[in-house]
Amino acid sequence: MTPAIAPHATAPDVPLLDVSGLAYDYGGVHAVQDCAFSAPAGGIVALIGGNGAGKSTTVQCVAGALRPRSGSIRFDGQDITTLPAHETVERGLALVPEGRLVFQQLSVHENLLVAGRVQRARADVSANLDKVYALFPRLKERRGQNAGSLSGGEQQMLAIGRGLMTGPRLLILDEPSLGLSPILVATIFKLIRDLNAEGITILIVEQNLHQTLAIADHAYVLEKGRVARSGPGQELLNDPAVKAAYLGVA
Ligand code: ATP
């Protein structure tokens, strides 16, 4: 598929996404503290870590769904720290949230149309629909069906399809493989690689560490809201400390 994405305007040495000193509190809970990471244009970057490490909170801050207490988020060289979600999406960030938040009462087709209403992709709705349906023939078959009646895997495809309808430069996937069968997990990871090969930069949060580290150019391990370790995915996959802590290998 050829997504309707703008060519990368970012200079080669400037990351597409650059986060520093990020902090977010839920009341007294310091969910994210002094978190820093970056994603080069065209890369696949992963945030990994245990339950409650702050991964979802971090990506929600990046996408503008949560407003950070402090820190800086730069996208394509511009400060987007305080932009709300409806404005970050217009810059080319698409968050596919954990839990496949689709409109349950709307049909598959309507869900995609609603997502495609953003200004940046409005002119490309019909082309993007064709691309999403080509990518997910299952969704095309079920285009008239209510999203709430789709299987978990189909809802995940629809959630990703909704993200693609916005013509993203950066696709942020929060636990896309959660609750899916091994075959569907493999399908989703292949899809992520394919989308990346088409030019979409990927930021992925995952519990499925083996497959995530295997595809990640670079990964950051979050612990208690901070980056405890980072490196190329393959390197972390072979890191004894990461293996012991996260991969269940003594
Ligand atoms: P998981 O992998 O389990 O989804 P995570 O790494 O994505 O975890 P977050 O969901 O970002 O972690 O949560 C970070 C911390 O913030 C946790 O301690 C969590 O309990 C807390 N937290 C998350 N959401 C809320 C909320 N709405 N209200 C209060 N505390 C919250």
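Mentor: Happy to. Leaving aside neighbours within four places in sequence, Ser-107 is in contact (heavy atoms within 4.5 Å) with Arg-143, Gly-144, Gln-145, Asn-146 and Ala-147. This is a predicted model, where local features need pLDDT of at least 70 and side-chain atom pairs count only at pLDDT 80 or more, while totals for chains, interfaces and linings use all residues. Residues are numbered from 1 along each chain as its sequence is written, and side-chain values use heavy atoms, with hydrogens and water left out.

Ser-107 sits in the loop between β6 (93-96) and α3 (108-115); helices (H or I, at least four residues) and strands (E, at least two) are DSSP runs numbered from the N terminus. With a relative accessible area of 8%, Ser-107 is buried (under 20%, using a 1.4 Å probe and protein chains only).

Now the domains. An automatic or database domain assignment gives the bounds: domain 1 is 15-92 + 169-250 and domain 2 is 103-167. Their contact takes 15 residues from domain 1 and 14 residues from domain 2. Together the two domains bury about 1100 Å², 75% of it on carbon and sulfur atoms; buried area is the accessible area (1.4 Å probe) that two parts lose on being put together, summed over both. On the domain 1 side, Val-89, Glu-90 and Leu-191 lose the most area to domain 2, together 40% of what that side buries.

Note on methods:
Buried means under 20% relative accessible area, exposed over 50%, partly exposed in between (1.4 Å probe, protein chains only).
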